[in-house]
Amino acid sequence: MDTTRALILRRHSLLLGGAVAAAAVAGAGCSRGPDDEQRASSSSPPPTGRGFHGATQTGVATPAHAHSLAAAFHVLARDRAELAEALRDLSSSVQLLVEGVYPPDRDPAMPPAHTGVLGAVSVPVEATIAVGASLFDDRYGLADRHPRELVTMPFLANDRLDDAWSHGDVLLTLAADRPDAVLHGLRQLMRATRRTLSLHWVVDGYSRPDAPGSVAGRTQNRNLLGFKDGSANLHVANDAEMETFVWIADGDDQPWAVGGTYQVVRLIRLLVERWDRTALTEQESIIGRDKVSGAPLGLDAEEADPEYGDDPTGKRIPLDAHIRLARPRDAVTERQRMLRKGFNFQKGFDGAGLLDQGLAFVSYQRQLADFLAVQQRLAGERLEEYTLPFGGGFFFVLPGAQDSDDWLGRSLLDA
Amino acid sequence: MFARIATVFVFAISPAACSDDGADVGESASSGSEPGSGSGSGSASGLASQDLSGSTEDAVILSAVDEYRTYVHDEVSTLVDKTTVFTDAVRAGDIDAAKAAFAPSRFHWETIEPIAGLVEQIDGAVDARVDDFANETDPAWTGWHRIEYLLWEQGDVAAAVPFADQLDADLATLRDQLAGLELPPAAVALGAAELVEEVSEGKITGEEDRYSHTDLWDFAANIQGARKVNELLTPAVQQRDADLVVEIEDGFLRVENGLEPYRDGAGWKPYSELTDEDRAQLAAELADLAESLSTVPGTLGLS
């Protein structure tokens, strides 16, 4: 106990010495390295991006981060007022994460106000709140607020949905440049809502973000099949694309929902051992792209239009290739686009010794019908032999908080 | 379960983790990890590993500690009496009477578990679960849960007799040792949080009374014991943070109301009757109360 007592005394003497900030973070780490030096500097970096307040939440139309996490919860609030309280608390915590600042320090005799995982200086963490169809059942009197298209994710092509990994009343999506920041964010959000949010499932993983200003139509990101993923994705910096394909506008849906968007999460296990035993030519024919360059088969550039008009019978790119089914590039289907921000995950291995790896497919779209139309075209594709969708759900990303009087969920719950 | 409790210990002693030689950590963390030592058994108190050196001159707190000491002694007396009913039934070979007396005998242990756990060797001897031992036949595994296993799983009341005798002897030792044990104010203040943590981190899974499914008796006792500590400390907390008093009272009411549907006469329904949703609801209320109670020692200047 002597060393403990000595340390307590040391902490108190620091306090007495006026180094309040330093003492308050003393519990955050034991290193004698850079953290200690940083303690003398300000407690947080300046916020990045556009800031928390705005018509939309910040975590959607922003560039992908290297590390992501999705966590679904059951809401246990007893009534609408408690649900509102939970969302207000959640909203405050989200704001701190997005702005990359810590909550105010507490007396060191109290449990610390944050995890301490990030050390003396916080970093921004994108965090978004979305709600599932089940929140609009009879518990909170929200039936009349139901987003027009929001349903519990139905059985889609090839699914083996596991209840333990599917759906939820609330979905939190977190993203940051560091894995520790994502886990810190989850813990901060959960401690703000212990009584009202009960964890249902959580999955985390990584992707390879593209540098700002990278060429449209090219990506560095690859899924665990080894193929580029996102070459033909929407561009978050393109406001017109975001308005056309992502954000709910006036007149689209429920009045409260303007500035929101439909979010789809599909947890897809990839049968990687079998894939790794498949000939390269077969893999490329299933996807429709060159595995290394990402170029549509028979073409040179990743960003090239696949020119299906020149290949009506699928000699170059098979008619049932993944990219051709997903986006046939005709007048009708070009209106069915979505912003994809998926990430790769791995969660151990199964009883047969096979790796449990896959893709947490995440997409944001103005109309859920567009996602469903794409899914319908993909049903029965050859890639299904290597995929096993087992969870996820359909959610609706709440509109942003406009100003400091506003909070995420206010427009949904206010009369 | 043990791993999870150990994590709690490490957080609880985190100031020591920054000490230069780390000796305190090694000692505290390893004492419970040796199979059979029992001191870290899933149901053991975390108090034995915590820094309880915080002291106070505050007359309101000191008077609460005095009253609590009386409460603990009363509980231990009742514990010994109720356990004798249980062990007598075992010795009489009456398995039905023994089963009926099992949960009531544990109740007054669970109300004061963090304090009783300060007498570490007794905690390990009377309340350890099989997880801390090689297997169900490990002779070092003694106490309530060994007897529970023999009664419910093996239906062998005769085999339980030596363990019943041992339980009586261990609780007599506990009573004697507690009579002379100094009760640090910090232990009292931490005790309420510890009792709730106990339920919310471990017992919520139903692993405590896994053969008899009488977990709700233990829950109710833990909450009742935490209630008592809180009631005694409330005047002191009120002087410093009136909002916290309201928040904690609200938390207790939610937990108690949450348990109410499972009451069954003078006792409680089998925990196995609760659905996953029921358990998630209880877990959330408990976790919320644990968050509130975690600030009490700091508020009282005892951490």
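Keep in mind that the model is predicted.

Let's start with the aromatic rings. Searching the whole structure turns up 15 aromatic pairs over all chains. Two of them are set out here:

| Pair | Geometry | Centre to centre | Angle between planes |
|---|---|---|---|
| Phe345(A) and Phe390(A) | edge-to-face | 6.1 Å | 80° |
| Trp141(B) and Tyr149(B) | tilted | 5.9 Å | 45° |

Phe345(A) sits in strand E7 of chain A and Phe390(A) in strand E9 of chain A, so their pairing ties together parts that are 45 residues apart in sequence.

Arg88(A) has its charged end over the ring of Trp407(A), 5.1 Å from the centre, while Arg279(B) lies over the face of Tyr271(B), at 4.1 Å from the ring centre.

Next up is helix H8 of chain A, residues 280-287, where Gln283(A), Glu284(A), Ser285(A), Ile286(A) and Ile287(A) are buried. The buried residues of H8(A) pack against helices H7 and H9 of chain A. Just past H8(A) comes Gly288(A), with a positive phi of about 100°.

Which residues other than glycine have a positive phi? Asn158(A) is one, at about 70°, and His213(B) is another, near 55°. Asn158(A) belongs to the loop between strands E2 and E3 of chain A, and counts as buried because its relative accessibility is 19%. His213(B) is in the loop between helices H10 and H11 of chain B; at 30% relative accessibility, His213(B) counts as partly exposed.

Technical notes. Residues are numbered from 1 along each chain as its sequence is written. Chains are lettered from A and ligands numbered from 1 in the order in which they are written. This is a predicted model: local features need pLDDT of at least 70, side-chain atom pairs count only at pLDDT 80 or more; totals for chains, interfaces and linings use all residues. Side-chain values use heavy atoms; hydrogens and water are left out. Buried means under 20% relative accessible area, exposed over 50%, partly exposed in between (1.4 Å probe, protein chains only). Helices (H or I, at least four residues) and strands (E, at least two) are DSSP runs, numbered from the N terminus. Contact means heavy atoms within 4.5 Å. Rings of Phe, Tyr and Trp (its six-membered ring) pair if their centres lie within 6.5 Å; planes under 30 degrees apart count as stacked, over 60 as edge-to-face and the rest as tilted. A charge sits over a ring if NZ of Lys or CZ of Arg is within 6 Å of the ring centre and within 35 degrees of the ring normal.
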